[in-house]
Amino acid sequence: METRKNDSGTGSESIRRKDWLGKRFGNLTVVSYDGRDGGKHYWRCLCDCGKETRSCQSNLQSGHTRSCGCRVDPVNTRHFVEGTCLESIKSKKVFANNTSGVRGVYRNKRTGRWSAQITFQGRTRYLGSFEELEDAVRARAKGEKIFQEFLEIHDVPGKQK
Ligand SMILES: [Zn+2]
C-alpha cells in the first residue's frame, strides 16, 4: 500500500468520520456526517436542548458554532456543569426578600452587620460579616471569582490532541 502525503493544510479531503462522531463542540454532539456543500463538510449535530442541527465543519472547529442557535451568547453555552446551573450563578437577579440589593449580601438584623455568602454546587459558603455594606459586596464579588474560574475551567472547547 502506498502512503501518500496528504497535507493540504485543512485535511478536509481526508476526514475520518469515526474521529468526528460523538465529538463535542459546546452544546453540540456530532451524530452523523451530512455530506458536502460548496466544498465544505457538514455534520449533523445534536444540541443539548434536544434539537438537531446541521453544522459546517469549519464552524465547529473554530468554535463558531456551539449550539443549534438556542444559545447565541457563547457565555451562556453551558447550562449545567457538575450539578451547578451556570446560568443561575451568573444571574444578577436579586431576590425580593433581599435587603441589600446585592445578591448574596444580607443584613443581620440583630448585629446590624452585613453578611456575604455564596451558594455554589449546592453548598452555601459564608464569606464573612462586615460593618460596611461595601465590604460585604466586595467579599461577594471575590466569591464570584471562584465561579468565574470554574466557568473558565469548563470552557475548554473540545481539547485537541
Ligand atoms: Zn439547542
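Author: Let us begin with the inside, where the general idea is that in soluble globular proteins nonpolar side chains tend to be buried together. Here the largest nonpolar core has six residues, namely Phe25, Leu28, Val30, Trp43, Cys45 and Leu60. Strands S2 and S3 each supply at least two residues of this core. A second, separate core of five residues includes Trp114, Ala116, Ala136 and Ala139. By a nonpolar core we mean a set of buried Ala, Val, Leu, Ile, Met, Phe, Trp, Tyr and Cys residues joined through C-beta atoms within 7 Å. A residue is buried if 20 or more other C-beta atoms lie within 10 Å of its own, exposed if 12 or fewer, and partly exposed in between, with the C-beta atoms placed from the backbone.

Reader: What should I know about the model and its numbering before going on?

Author: This is a predicted model, in which local features need pLDDT of at least 70 and side-chain atom pairs count only at pLDDT 80 or more, while totals for chains, interfaces and linings use all residues. Residues are numbered from 1 along each chain as its sequence is written. The term pLDDT stands for the predictor's confidence in each residue, from 0 to 100. The mean pLDDT of the protein is 75, and 66% of its residues reach 70 or more. Over residues 1-13 the pLDDT is below 50, and this stretch has five contacts in the model beyond near neighbours in sequence. Over residues 73-83 the pLDDT is also below 50, and there the model has 21 contacts beyond near neighbours in sequence. Two residues are in contact if their C-beta atoms, placed from the backbone, lie within 7 Å.

Reader: Which residues does Val30 touch, not counting residues up to four places away in sequence?

Author: Leaving those neighbours aside, Val30 touches Trp20, Leu21, Gly22, Lys23, Trp43 and Cys45. For the protein as a whole, 16% of the 161 residues count as buried.

Reader: How many helices and strands does the protein have?

Author: Helices (H or I, at least four residues) and strands (E, at least two) are DSSP runs, numbered from the N terminus. By that rule the protein has four helices and nine strands, and along the sequence they follow the pattern α-β-β-β-β-α-β-β-α-β-β-β-α.

Reader: In what order do the four strands of the open sheet lie?

Author: Strands of a sheet pair through backbone hydrogen bonds, either parallel or antiparallel. Two strands count as paired if DSSP finds at least two bridges between them. In this sheet the order is S1-S2-S3-S4, with antiparallel pairing, and the edge strands, each pairing on one side only, are S1 and S4 (52-56). S1 (residues 24-25) and S2 (residues 28-37) are joined by two bridges, and Arg24 stands opposite Thr29 in S2. Seven bridges join S2 to S3 (residues 40-47), where the bridge partner of Arg36 is His41.

Reader: Which residues take a positive phi in the hairpins of this sheet?

Author: The hairpin of S1 and S2 has two residues between the strands, and in it Gly26 takes a positive phi near 60°. In the hairpin of S2 and S3, which also has two residues between the strands, Gly38 takes a positive phi near 60°.

Reader: Where does Asn59 lie, and is Asn59 buried or partly exposed?

Author: Asn59 lies in helix H2 (residues 57-62), and Asn59 counts as partly exposed because it has 15 C-beta neighbours inside 10 Å. Not counting residues up to four places away in sequence, Asn59 touches His64 and Thr65. The C-alpha atoms of Asn59 and Phe25 are separated by 9.9 Å, although these residues are 34 residues apart along the chain.

Reader: What is the order of the open sheet with three strands?

Author: That sheet has the order S7-S8-S9 with antiparallel pairing, and S7 (105-107) and S9 (123-130) are the edge strands. Three bridges join S7 to S8 (residues 114-120), with Ser115 in S8 as the bridge partner of Tyr106. Seven bridges link S8 and S9, and Trp114 stands opposite Phe130 in S9. S8 and S9 form a hairpin with two residues between them, and Gln121 in the turn has a positive phi of about 50°.
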